[in-house]
Amino acid sequence: MSKKNLVIVESPAKAKTIEKYLGNDFLVKSSYGHIRDLDKGDNAIDLNNNYQPKYVIPSDKQKLVSELKKLTKEAETIWLASDDDREGEAISWHLSEVLDLKAKDTKRIVFNEITKPAIEHAIQNPRAIDTNLVNAQQARRVLDRLVGYELSPLLWKKVKPSLSAGRVQSVAVRLVVEKEREIRDFNITSDYRVTAIFSSANSTFKAVLNKRFEKESDALAFLEMSNNSSFKVKSIETKPVQRNPSPPFTTSTLQQEASRKFGTPVGTTMQLAQKLYEEGHITYMRTDSLNLSDIAIGAAKNTIINEFGNAYSQVRKYTTKTAGAQEAHEAIRPTNFNLQHAGETEREKKLYNLIWKRAIASQMASAKLEKTTIEIECNNHNYLFIAEGEVIKFDGFLKGYIESNDDDESEETEGLLPKLQKSDAVVSQEITAEEKYLRPPARYTEASLVKKLEELGIGRPSTYAPTISTIQKRGYVEIGKKEGIQRESKVFTLKNHKIISTVEKEKTGSDKGKLVPSDIGMLVTDFLSEHFKNIMDYGFTAAVEKEFDDIASGLQTWSKMIDKFYHPFHQLVAKTESSAERITGEREIGIDPKSGKKIVAKMGKFGAYVQIVEPDENKKSQFASLRAGQSIETIKIEEALELFKLPRTIGIFENSELIINIGRFGPYVLHNKKFYSLPKSLDPLIVNESEAIGVIEAKRSEDKNADKLPLQLGNWNAGSIEINKGRFGPYVKYQNKYFSLPKGTNLFEVTKEQAIEIINSKMVEEEKKIIKRISIGEQELVVQNGRYGPYFTFGGNNYKLGNIQPEALTREQAEEIINNTPTKASKKKRKKQK
């Protein structure tokens with residue numbers, strides 16, 4: 001049935017929410033993001049025609065385009081309601097172009113929140129598509145394609161095959177690389193921090209000496225000097241302190257705070273925020289504005305007065321200080337301040353509550369505190385002990401919200417100090433000199449990298465999360481997993497006129513959860529920094545962002561901006577291709593004690609390795625691949641020599657040597673010209689003869705009995721257990737689910753109990769990946785996180801979600817995707833028909 005008004009949005013979840021607020025004359029449909037994109041080939045951009053892009057409609061969007069064309073012909077008015085930013089404007093423009101919409105029948109509407117008043121206001125105030133915003137988005141897309149398509153093949157030739165480069169991503173990697181090298185070059189020293197516990201009347205308090213001692217002997221001498229000393233109050237200063245609330249969230253500050261408070265990756269934070277926005281709970285989540293509307297400020301004020309009282313309300317207006325702030329939205333805030341809890345999943349509820357608290361706190365009164373500083377002097381030296389205490393006189397915004405920070409080494413919270421007067425005597429209960437190590441700069445987390453990018457003016461709210469995701473997917477940056485090592489520090493305590501010596505232990509060097517550059521990330525950064533200084537320059541990259549802003553404001557022509565960048569860039573690529581040497585990151589790490597030849601670490605076609613350099617070109621050098629966790633820049637000679645123990649002959653079996661080595665696909669046993677993969681449980685440097693023979697015999701047994709596969713191990717609960725081997729190795733099959741067995745497992749020795757244990761452990765892991773389940777008839781649809789992003793399974797087939805947020809997927813949306821997506825079976829049938 002045709003409707004007079006057709007509203008097109010980019011998200012099914014958004015469509016569903018909007019539909020509730022419009023009358024029966026409106027039909028709301030989703031474009032599932034962009035309905036066309038740049039051609040994948042080399043001819044996507046016409047370099048001879050003002051860089052005009054060639055757009056194509058993907059095959060999986062053809063059916064949708066046909067449906068939308070049919071609906072536009074039946075409707076009297078088409079309302080384009082994609083997001084109010086450059087990407088959203090481009091989506092509307094593509095829809096207008098592809099659907100051949102007439103200007104008189106087409107209206108562009110925008111809104112900052114999906115609520116009934118906002119939608120009705122948008123309908124009453126339509127506008128035309130803003131071509132300046134479209135051109136800014138197009139300029140970014142074209143420029144990034146040109147940079148990527150010209151730099152990537154160059155990296156293949158000069159660094160390593162299959163690499164790729166991006167304009168903003170390369171600069172983000174550079175930040176991580178420079179931080180890592182700063183940490184590695186950091187000279188860790190220690191000194192002694194002295195603290196004391198003093199008592200006065202019935203209370204005790206802590207104070208810190210205003211001097212640190214570099215040497216242990218000096219710290220001990222100070223403790224000796226302090227023995228039998230007397231202490232008194234030299235001065236007391238009390239002053240009022242005021243703390244002001246933070247502004248409401250922008251995209252970057254929301255990502256940072258969610259990371260600090262919940263450990264949420266920036267990409268996940270944006271998915272959750274997108275869901276909350278599309279459900280109508282929060283305002284648009286891609287913004288760098290700190291502004292709140294007058295209506296929002298009034299609503300927040302009413303909530304504060306009702307919740308906390310008049311004294312806690314203070315109207316505040318914030319101004320955006322971010323360079324090049326592009327969004328004309330408000331800050332991120334609740335659409336209904338009376339609703340303190342919202343969202344479907346626990347993660348959504350936590351994020352919404354965080355947004356609510358921050359927005360409410362931004363309109364609350366300042367906290368009033370009283371800070372007291374007491375100086376304690378000694379009768380036989382000139383150093384002072386300083387005690388600081390803070391008392392909250394009026395909690396103000398602290399009643400509702402306390403912001404976290406990135407400093408995980410902050411001092412303990414200051415507390416209440418006893419009532420003292422100048423010259424009052426105090427007694428030292430104990431004085432402690434503790435060895436403290438100077439800490440290197442902290443590695444970036446995802447959130448702190450976003451903060452740095454924003455400070456430098458690199459990227460915009462819509463690009464932070466994709467940038468962080470891309471540099472990890474490309475293998476340039478990894479999330480650290482190293483636990484760190486134990487380090488000892490000396491502690492000397494003066495108590496009861498005796499100095500007691502103890503040793504404290506602390507963990508140091510952990511990079512867990514932090515961003516760590518890979519060897520290839522460092523090499524690519526070095527190559528690009530040497531040959532493409534502009535591309536890698538922070539100021540230049542920020543200046544390009546400013547030019548995009550100028551295009552969006554109509555101050556610059558997008559094709560001229562591209563032309564100004566592209567010609568010198570293209571010439572530099574050609575020059576670098578002809579003149580630059582291939583970069584391997586070669587580093588001499590020592591001398592082989594056996595041969596006297598030098599050992600180097602470098603990057604090769606298949607990854608990083610160490611090499612005993614053979615000066616005679618006619619002789620073959622000895623190579624060994626680096627193991628997981630080892631790096632070209634940090635591997636030591638002792639570690640390299642361990643690697644050269646491979647290949648190692650560990651015995652004889654059936655008159656042939658057993659040789660252990662590491663190859664392109666991992667460690668293996670070579671026996672009688674056949675290769676047998678070592679399971680992860682066996683270390684190639686220590687595996688023995690009997691273990692290697694066991695691996696070989698297990699593989700032989702498996703091959704010999706291959707015709708007996710699959711093996712049936714019986715029933716368990718509501719299904720049968722089957723053992724088999726497939727394309728990717730051995731597995732257990734249970735209830736149409738496949739559970740991988742470890743490499744080297746003898747299939748014919750797996751017991752039913754072992755299979756059940758594997759099924760249980762894997763099911764627990766798989767359950768963690770599941771986002772939600774939806775019943776469709778008698779079958780269940782499962783939405784889950786996969787290797788390449790979220791997807792859902794149904795009827796034995798996998799389906800991409802497109803632009804739908806996984807938590808937001810509804811049964812209706814799923815059925816639409818299933819109906820519009822060809823299955824493997826239908827593809828095979830179509831192929832046969834052809």
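Is R627 buried, partly exposed or exposed? R627 is partly exposed, at 28% relative accessibility (buried is under 20% relative accessible area, exposed over 50%, partly exposed in between, with a 1.4 Å probe and protein chains only). This is a predicted model, in which local features need pLDDT of at least 70 and side-chain atom pairs count only at pLDDT 80 or more, while totals for chains, interfaces and linings use all residues. Residues are numbered from 1 along each chain as its sequence is written, and side-chain values use heavy atoms, with hydrogens and water left out.

**Salt bridges**

- The whole structure holds 49 salt bridges (a side-chain nitrogen of Lys or Arg within 4 Å of a carboxyl oxygen of Asp or Glu).
- R627 forms a salt bridge with D683 at 3.4 Å, N to O.
- R627 is in the loop between β22 and α18 and D683 in the loop between β26 and α19, so this pair ties together parts 56 residues apart in sequence.
- D683 is partly exposed, with a relative accessible area of 27%.
- K70 and E74 meet in a salt bridge of 3.0 Å, N to O.
- K70 and E74 are four residues apart in helix α2 (residues 62–74), which separates them by about one helical turn (helices are DSSP runs of H or I, at least four residues, and strands are runs of E, at least two, numbered from the N terminus).
- K70 is exposed at 52% relative accessibility, and E74 is partly exposed at 35%.

- S252, Q255, Q256 and S259 of α8 make the contact with A447, V450, K451 and E454 of α12 (heavy atoms within 4.5 Å).
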